[in-house]
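Welcome! Take a moment to turn the model around on your screen, and then let us walk through it together, one part at a time.

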Amino acid sequence: MIPRLEPKEIKTRRLTVSYLEKGEEHDKLLVLIHGNTSSNVFYLDTIERLSAEFHVLAPDLRGYGFTERLPIDATQGLRGWSEDLHAFFEALSLTKKPHLLGWSMGGGVIVQYALDHADNVASLILVNPLPPYGYSGTREDGTPNNPSYSGTGGGTVNVNFVKALAEKDISAENPFSVPNVLKNYFAPGFVLEQEWIDLFVDSMTRMGIGEDYYPGDFLPCAEWPHMAPGTRGIGNAMSRKYVDLSGIVNLPEKPPLLWIRGAKDAIVSDTCLLDIGYLGKLGYVPGWPGDEVYPPHAMIAQSRRVFEEYRRNGGVSEEYVFENAGHGPMVEAPQEFCDVVSSFIR
């Protein structure tokens, strides 16, 4: 059964934020940040389970859910969402340092928040997070494959899926329909109850669509695959052109960090079928120039490289792997997920 929790709303100095809240204010503060093509309702079960121990907040990010629909300036990378989060905390007059949990793109957002506001973070919990140098187009050390940052940003998003989102296509026949794409969030064989599917699909179709939102704009370029990131929208905000989270290793005070990942994740992996380099290598995108010029993005190896340096530089960094989960372990293994989070914070 889906927990019933009415969304709240607060006007900040930047925008009006819709959020979910449960738990006692005297408990430790846990803030849950969702990922791309989702919203805070993906955390409803997590909120229900963890609110017995924590004061839990889960906002909808700009461009998603019921939060005020305002354009996304991709040239800020993840900083726009980081500053929205800071303004959200200010508006709520929160006095406790939050434990921040971010899923997928949301993981990148909370790392950016730590870079921007390191004095206001109790810990970081990264769930299948956006790699530290953005999505696609880089080598393991974060070096971009070329000066144009080609193959990253809004131009790489499948237009059939964008169309399905815009038209709220829930058909079984279309492989790019919203429910069929939702299946890729989870490990093969995972069965989600229909009421949860309906809820998640509805939340996915509420995100902003277009050049100011998802996927964003793009530019032609000489380098394969002949598209480069533009300056607007969600896809470009995750491009290496605008994202570099590696500075976390140099924070003078490093919050404890937990890296959670699903071993069967198809969205953030070293062999990701959304990564243009890997798709080219498999022959799905013609003209791939080879490993020397445009290698697949080794997302897990790249994250591990940064987290190991974080630890070498004096930080606490742990890794927990859900062997049978995909991109959404909080949905696939809810009690184990909450136990891991609770234990880490304690």
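This is a predicted model: local features need pLDDT of at least 70, side-chain atom pairs count only at pLDDT 80 or more; totals for chains, interfaces and linings use all residues.

## One side of a helix

Start with helix α6, which spans residues 194–204: its buried residues are W196, I197, F200, V201, S203 and M204. These residues lie on the same side of α6, because the arc they cover around the axis is only 160°.

What covers the buried residues of α6? The cover includes α1 (44–50), α4 (159–167), α5 and α10 (329–332).

Apart from its neighbours within four places in sequence, F190 touches V331 and E332. For a sense of distance, look from F190 to R232: they are 42 residues apart along the chain, and 35 Å separates their C-alpha atoms.

Now step back to helix α5 (residues 178–182), where you will find N180. Is N180 buried or exposed? N180 counts as buried, because its relative accessibility is 16% and the cut-off for buried is under 20%. The side chain of N180 makes a polar contact of 3.1 Å with the side chain of S177. Leaving aside neighbours within four places in sequence, the residues in contact with N180 are S171, A172, N174 and P175.

## An open sheet

Next, find the strands. Eight of them form an open sheet with mixed pairing, in the order β1-β2-β4-β3-β5-β6-β11-β12. Strands β1 (8–11) and β12 (317–322) stand at the edges; each has a single partner strand, so one side of each is left without a neighbour in the sheet. From one strand to the next, the twist averages 25°.

As a reminder, strands of a sheet pair through backbone hydrogen bonds, either parallel or antiparallel. Which sense do β3 and β4 show? Strand β3 (residues 28–33) and strand β4 (residues 54–59) pair in the parallel sense, over four bridges. Within this pair, L30 stands opposite V56 in β4. Helix α9 (residues 299–312) lies across β6 (123–127), β11 (257–262) and β12, and runs at about 160° to β11.

## A buried asparagine

Helix α7 (residues 234–237) is the place to look for N236. Its relative accessible area is 0%, so N236 is buried. A polar atom of the N236 side chain lies 2.9 Å from the backbone nitrogen of G154.

Which residues does N236 contact, leaving aside its neighbours within four places in sequence? They are A74, G153, G154, P215, G216, D217, P229, G230, T231 and Y242.

## Cysteines without a bond

A disulfide is a covalent bond between the sulfur atoms of two cysteines. How many disulfides does the structure hold? The count is zero. C221 is in no disulfide, and the nearest cysteine sulfur, belonging to C272, is 20 Å away.

C221 counts as buried because its relative accessibility is 16%. C338 also counts as buried, at 2% relative accessibility.

Terms used:
Residues are numbered from 1 along each chain as its sequence is written. Side-chain values use heavy atoms; hydrogens and water are left out. Helices (H or I, at least four residues) and strands (E, at least two) are DSSP runs, numbered from the N terminus. Buried means under 20% relative accessible area, exposed over 50%, partly exposed in between (1.4 Å probe, protein chains only). A polar contact is a pair of N or O atoms within 3.5 Å; within protein, one must be able to donate a hydrogen and the other to accept it, and residues adjacent in sequence count only if both atoms are side-chain atoms. Contact means heavy atoms within 4.5 Å. Two strands pair if DSSP finds at least two bridges between them. Axes are lines fitted to C-alpha atoms, for helices over the stretch in contact, and angles run from 0 to 180 degrees between N-to-C directions. A disulfide is a pair of cysteine sulfur atoms within 2.5 Å. The arc is that of the directions from the helix axis to the C-beta atoms.
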